[in-house]
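Subject: Handing over the model

Hi there,

Here is the structure I promised to pass on. Please have it open while you read my notes.

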Amino acid sequence: MDATRCVFLLIGASFLCQADGRKTFGAVFPHKHDASNKFPFPIPPIPGWDPDTKPWDDYLYPPLNLNANELTRHHSKPKVHLTSDSPALNGSCVTFTAKLEYPPCQKEDANGDLVWDEHCEDANGQLRSGYVYNWTSWLDDYGFGKCPDVKKCNVFPDGKPFPQSNDWRRKSYVYVWHTMGQYYETCDGSSSSVTINTTNIPLGAEIMEVMVYRKRERRKYSPLSVDNTVFYVTDKIPVAVHISQKAAVNQSENVFFRGKDVVFRVHLHDPSGYLKTAAALDYIWDFRDGNQLVTHRNVTTHTYSRLGTMNVKLVVEAAFPVECPPTSAPSTEIPTHAVTIRRDTTQGQLSTSQASSTSITLTTDSLPSTVASVTPGV
């Protein structure tokens with residue numbers, strides 16, 4: 001009886017070790033997220049994403065060998081390049097794009113298949129043609145509805161099925177995204193993009209990673225490449241100012257002539273169009289010669305009447321509509337107002353505006369007589 005009990009205990013321990021030994025999504029990626037110094041903590045979940053503590057199917061998706069020598073040896077594989085439109089204003093959306101870069105003499109045809117460039121000579125001076133990979137070995141059982149084992153066909157590393165689409169043949173790559181202890185999966189062609197909202201993401205820098213797999217023979221997937229990029233979430237509107245003057249001859253040094261219009265053109269980094277939802281967007285100028293201006297336009301002009309160096313200051317302030325708090329006597333419906341408050345509240349409090357300030361140094365000079373008589377050009 002005791003011997004039988006020991007056997008059962010040993011078998012149970014063996015099964016437990018096998019289950020606990022499965023890799024998680026967090027273990028597969030090289031970057032390990034540390035949220036100990038972030039606020040708020042824990043980081044709220046990204047809608048549609050899953051925690052990276054879930055198990056990874058390392059049989060169907062063998063982990064990528066991150067050894068530098070191993071990656072160099074497989075130089076004939078496509079590499080992924082990850083970019084983003086960061087920095088992102090808190091509350092806006094940030095988009096990440098992963099694009100495959102093919103080795104020399106390889107290209108994608110009109111059907112999305114990876115083929116050899118018939119006009120390109122390889123390192124041995126030979127021309128090659130046809131498919132780079134043997135796609136036909138799995139076409140018969142890869143199509144939706146043709147695979148008898150739904151757990152081993154057309155599924156992501158976490159077992160979720162691929163989304164069905166008519167252009168499935170063009171989506172030969174699996175992209176697994178990873179950031180802030182969470183992951184997301186897409187099935188796409190030579191490029192793929194994801195967009196996340198930054199409302200609940202803490203301010204500061206974060207890392208986004210992407211790992212790409214290619215459909216291999218039959219139902220296994222072959223790891224190709226991994227890349228990462230740093231993105232930033234800020235509560236200051238990213239601003240750039242371009243200064244110009246038609247008569248200026250030393251414009252690159254921000255030297256402009258007195259008595260002539262200086263054009264200030266403001267460029268806001270807002271790729272997701274978040275600032276278009278603002279109730280008001282103000283450009284507050286201090287030209288540092290005793291003149292100030294508040295305008296809603298991103299282009300303004302100013303003429304300096306004296307010589308010297310000016311440290312121009314610009315504050316860009318956006319106001320968003322918020323509902324007023326309820327009162328003790330709710331006799332009527334609470335209206336919605338556009339409120340502007342500077343973002344100088346303590347961390348964690350809700351602000352109804354975003355503001356950013358910048359300074360530009362320029363120098364005014366006298367207009368030479370030889371230039372004054374010439375019609376100014378652009």
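Below are my notes on the sheets, the cores and a few single residues.

First, the ground rules. This is a predicted model, in which local features need pLDDT of at least 70 and side-chain atom pairs count only at pLDDT 80 or more, while totals for chains, interfaces and linings use all residues. Numbering starts from 1 along each chain as its sequence is written, and side-chain values rest on heavy atoms, with hydrogens and water left out.

Let's start with the sheets. Strands here are DSSP runs of E with at least two residues, numbered from the N terminus, and two strands pair if DSSP finds at least two bridges between them. As a reminder, strands of a sheet pair through backbone hydrogen bonds, either parallel or antiparallel.

Two bridges link β3 to β11 (residues 221–234) in the parallel sense, and A88 has V233 of β11 as its bridge partner.

Another open sheet has three strands, ordered β2-β4-β9, and its pairing is antiparallel. Because β2 and β9 each have a single partner strand, they stand at the edges, and one side of each is left without a neighbour in the sheet. From one strand to the next, the twist averages 20° (axes are lines fitted to C-alpha atoms, and angles run from 0 to 180 degrees between N-to-C directions). Between β2 and β4 there are six bridges, and S84 stands opposite F96 in β4.

F96 turns up again in the packing. A nonpolar core here is a set of buried Ala, Val, Leu, Ile, Met, Phe, Trp, Tyr and Cys residues joined through side-chain atoms within 4.5 Å; buried means under 20% relative accessible area, with exposed over 50% and partly exposed in between (1.4 Å probe, protein chains only). The largest such core has 27 residues, and those with the most contacts inside it are F96, Y175, W177, V210 and V212. Several elements give two or more residues to this core, including β2, β7 and β11. The largest share, four residues, comes from β4. A second, separate core of 24 residues includes Y274, M310, F320 and L362.

Which residue in β7 is worth a look? I would pick T179, which lies in that strand (residues 173–179). T179 counts as buried because its relative accessibility is 1%. Its side chain reaches the backbone oxygen of I207 at 2.8 Å. Leaving aside residues up to four places away in sequence, T179 touches I46, W49, I207, M208 and F231 (contact means heavy atoms within 4.5 Å).

Some backbone details may interest you too. S86 and P87 are joined by a cis peptide bond, with omega about 5°; P87 sits in the loop between β2 (79–84) and β3. Two residues other than glycine have positive phi: C105, near 70°, and N254, near 60°. C105 is in the loop between β4 (93–101) and β5 (106–108) and is buried, at a relative accessible area of 12%. N254 is in the loop between β12 (239–244) and β13 (255–257).

Finally, an unreviewed UniProt entry annotates residues 283–316 as "domain: PKD"; such annotations may be inferred rather than shown by experiment. The end C-alpha atoms of that span lie 5 Å apart, and the span is 0% helix and 65% strand.

Methods. Polar contact = N/O pair within 3.5 Å; in protein donor to acceptor, adjacent residues only side chain to side chain.
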